[in-house]
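Please open the structure in your viewer and keep the sequence panel beside it.

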Amino acid sequence: MTPLQINEVAPRDGLQIEAAFVPTADKIRLIDALSATGLARVEATSFTSPKAIPQLRDAEEVVRGIRRREAVGITVLVPNLRGCERALSCGVDEINLVMSSSDSHGLANLRMTPAQSLERFATILEVTTGSGVFVNASLSTAFGCPFEGDVPQARVLELIGELVDMGIDGITICDTTGMANPVQVDRLCEDVLARWPNTPFTLHFHNTRGMGLANALSAWQAGVTRFDASLGGLGGCPYAPGATGNVCTEDLVHMFEQMGVDTGVDLDALLAVSATLPALIGHETPGQVVKAGKADRRYPMPRITRPMPNN
């Protein structure tokens, strides 16, 4: 059985929408702690304009300050050519480009249509040539758009084909708004894996409607082995109304480990890091396993103070 690869996105996807700025030193400590748990990759930050996302205005300081581990890839979100140049100067392992499947979400989130995003990607790819950095593209609203509704699978496949043809190394298929269902996920994943068996595909789910883990299970059953997840279930898209956090990393790892699927992650270490989040961000997180404990947790029998009724 192929081990899973879990990409932790909380330092970027989670912290970018927090109301309060998390100090740089605290971000570095969080990423260092996450890197020690066995995660395959950590999305450390976004090299975007500080005016657009002030919570991540310390991108260079964070990437240059974290402890690099050979087995853990450091990936960053890159919105444009300038961001790519900044990221490359910090020696990141992977850059993540973002585009939407639907015109309306692309215009709301990026001020670009999908066609315009593809043009920008081509320019960025020219800059990364020979750098050795892995270039990934995230395709948002692949399972539905909050403004347009249904996004036809044929449209998603068309965009994936264009990304592959232009030389993108890997593709993340995103349920940005939490609109996906397991049948839909299975259908798209099976089709994608059959058409492009040599392309690394990652699935990115939100838990807006409580189906994040069910959708991840469906993707795995279709053959997907790479997943984005966010510690504590942090995150959400500001241009996707009602889209709460990503599927929770520790809950995802717990589910797969209980199934006997190797995630490569030390769940106890991950839970310990998750337990530090409320103090870091100033509020509780939606993750469940950190509150309830793992399924193999045992409790002492309650003291029986009165006879039980006989049947």
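A pocket, on a 1 Å grid over the protein atoms alone, is an open set of points where a 1.4 Å probe fits, with protein on both sides within 12 Å along at least five of seven lines, and its lining residues have an atom within 4 Å of a point. This is a predicted model, in which local features need pLDDT of at least 70 and side-chain atom pairs count only at pLDDT 80 or more, whereas totals for chains, interfaces and linings use all residues. Residues are numbered from 1 along each chain as its sequence is written, and side-chain values use heavy atoms, with hydrogens and water left out.

**First stop: the largest pocket.** Select Gln16, Ile53, Leu77, Asn109 and Leu110, which lie nearest the centre of the largest pocket among the 44 residues that line it. The space in this pocket is about 930 Å³, where a volume is the space filled by probe spheres set on the grid points, joined across faces, edges and corners.

**Second stop: serine 46.** Select serine 46, which is found in strand β2 (residues 41-46); strands here are DSSP runs of E with at least two residues, helices are runs of H or I with at least four, and both are numbered from the N terminus. Is serine 46 buried or exposed? Serine 46 is buried, with a relative accessible area of 1%, where buried means under 20%, exposed over 50% and partly exposed in between, using a 1.4 Å probe and protein chains only. Not counting residues up to four places away in sequence, serine 46 touches Arg12, Leu56, Ala59 and Leu77, a contact being heavy atoms within 4.5 Å.

Colour Gln184, Val185, Leu188, Cys189 and Val192, the buried residues of α8. Seen down the axis of α8, these buried residues fall within an arc of 120 degrees, so they line one face of the helix, the arc being that of the directions from the helix axis to the C-beta atoms. On the face turned away from that buried side, look for the exposed residues Val183 and Ala194.

**Last stop: helix α7.** Just after α7, glycine 167 takes a positive phi of about 105 degrees.
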